[in-house]
Amino acid sequence: MTDLFSWQALVALILGSLFGAVFGAIPGLTATLALSLFVPLALFLDPSLVLPAVIGISTAAIFAGDIGSITVKIPGTAASAAYSDEINRMGKGSMGFAMGVATLPSAVGAIIGVAILMAGAGVLAQFAKQFSSFEYFWLAVLGLVAGVFATQGKLVKGALSLGIGVLLSTMGLDPTLGFARFTFGSPELLSGVNYVVALIGLFGIAELLEQAYKGVVKTQAVATPEELSAQRRRLGHDYWVRPTRLMLRQKGAMVRSSLVGTAVGFLPGAGADLAAWLSSSLERMRSRKAHMTPAERSNLEEVVVLAGTTSNNAAVAGAWIPAMALGIPGDTLTAIVLGVFLIAGITPGPQLFTQNRDLVNQIYLAFAVASALLMPIMGLLAAYGAGYITRIPFRLLMGFILGLTVVGAYAINNNPFDIWAMLAMGLFGFLLKRGGFPLAQVVLGMVLGPLLEQNFMVSVIKVHWNLASFFERPVALILMLATLLVIVFGVRMNRLYRQSAAGPAPDVDRPVGSA
C-alpha cells in the first residue's frame, strides 16, 4: 500500500469531499447512499486512495446537509433538521453568514473530535463497550426528553409531535417478534416508513404547500440583483469574520457541543443525528424568555445553529473511535467504512494501533485536512453558488424543488411507493404546521423511536421483564439522572419562559443573521 500523504491520496480526498458534498446537499441523497455507491469502486482502487476518499465523503456529506436548509428550507440530512428553521432564517439575513456558521463550527467540531480520537481512541472505545441495551434505552429517553423541552412554550404540541414520530416509527414488522403493525395489508409498509422519505415530505412538500397557501409562488426572485451584489461584496466578511466572532463569543457552547458530539458519536448506533439534536435542544432550553428583542432572538438562533453544526461533525470523528479500536460501527456510515476497511485488507481492532500505527496517523491527518482545509473552501463555494439560487423566480424554484424531492425519495430504495409516502407525509406535515405543531420533533421521534423500542425489548427479554434492571447498572443510572436533570432544568426554563410571555412583547422581528 502506498503512502496516504501522496498527491494521489490528496486528489482522492478532494474528489471524495466533492462527491460527499453533492450527496449531502440534495435531500434524499444521503451520506450513507454516497458511501454505498462508492463501495463497488473501492474494490478496484488502492487502499491508499480508498481511505482518504471515504474520509472526504463522510466529513463533507454531513456539513453539506445544511445547504438545502439554508437555500430552500429542506434539510439534506436528519442532523440538519435539528436546526433547519433557524439556519434558514439566517440565510435570509445573509447567505454568506449562514453558510459560514454551517461550515466553520463544523470544521472546529470535527478537529476537536479528531483530537479526542487521537488522544484516547482506545480508552474511549473501552468505555463504549460498557453500553448495553439498558444504556441505549436511557440514551434514547434522554434525547426524546430534551427534544420535548426544546420546543419553548409548546411543550404539549412538541410532545404530541414527538409521539406521532414514535408512532410512525412503529409501522412495519415488529423488530423483536416479527408481527406486522399498522401495515393495513400493504406489503409496501412491512418495512415501515423510511425516515429520510418522511423528512423530505415533512420539510420539502409541506414547505411547498405552505408557500402555495400563502401565495408566495406568485412572487418573483427572493433576492434582487442589487441585494445579490451587496451580499457578494460582504461575502468575505460574512463568511469568515462574523462566524469566527460568533465562535469566539460562544466558546462555552462550542466546547459543550464538541464534547457532546464526540461522546454521542463514539457510542455505537447513535451517530451525528442524535448529537445535533441533543446539542441544539440543550441550547434552546437555556433560553427562558418568551418575548425577545430581535437581537436576542437572533443571538439565540445563532447559538442553536452553532451548537448543532459543531456537534454533528464532531460526531463523525467520534464514530470512528469504536470502528477503529473495536471494529464496532458508530453509525451507518462507519458500518460501511468497516466494509471498506476489509476491502482494503485492514483489520480494525486494538491491533490496528500497534501493528499499523503509521496508517492510523495518516487517517488522523486525512481527517484534519478534510475538516480544516477542504470543508471551509467548499462552504465558501457553496455560499457563492447559493446566491444564484436566490435569483431564480420563486415559481421556477418551487418546481425544481418538487422535482428534486421526487427524485430524492425514489433514489432511497428505487421504489415508487416512497414517492407516494413522501407526498402523504408532506400533506400531513402541512396540516401539522398549520396547527402550530413543530415538525422537527416528528423526525426526532422517527429517528429515536426504533432505538428506544429495540433496546427496551432486548432489555426486558434479557431480564424476564424485571424492570428494576433498568436502574441497576452504573452508566444507565448516570443517564437516568441526566434525564431527570433535563426534566428539572426544562420545567424551570419553561416556567420562566411562560412568566416572560406574560410581559410586554417587543416590536418587530427581523431575519436572523442580518448585519
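Is Trp240 buried, partly exposed or exposed? Trp240 is partly exposed, at a relative accessible area of 36% (buried means under 20%, exposed over 50%, partly exposed in between, with a 1.4 Å probe and protein chains only). The model is predicted, so local features need pLDDT of at least 70 and side-chain atom pairs count only at pLDDT 80 or more, while totals for chains, interfaces and linings use all residues. Residues are numbered from 1 along each chain as its sequence is written, and side-chain values use heavy atoms, with hydrogens and water left out.

Next, select Phe137 and Phe456. Their rings form a tilted aromatic pair, 5.7 Å centre to centre with 40 degrees between the planes (rings of Phe, Tyr and Trp, the last by its six-membered ring, pair if their centres lie within 6.5 Å; planes under 30 degrees apart are stacked, over 60 edge-to-face, the rest tilted). Phe137 is in helix α6 and Phe456 in helix α19, 319 residues apart (helices are DSSP runs of H or I, at least four residues; strands are runs of E, at least two; both are numbered from the N terminus). Phe137 is buried at 14% relative accessibility, whereas Phe456 is partly exposed at 25%.

Now go to Arg242, which lies over the face of Phe97, 4.0 Å from the ring centre (NZ of Lys or CZ of Arg must be within 6 Å of the centre and within 35 degrees of the ring normal). Lys157 lies over the face of Phe437, at 5.4 Å.

Last, select Asp174, in the loop between β1 and β2. Asp174 is buried, at 12%.
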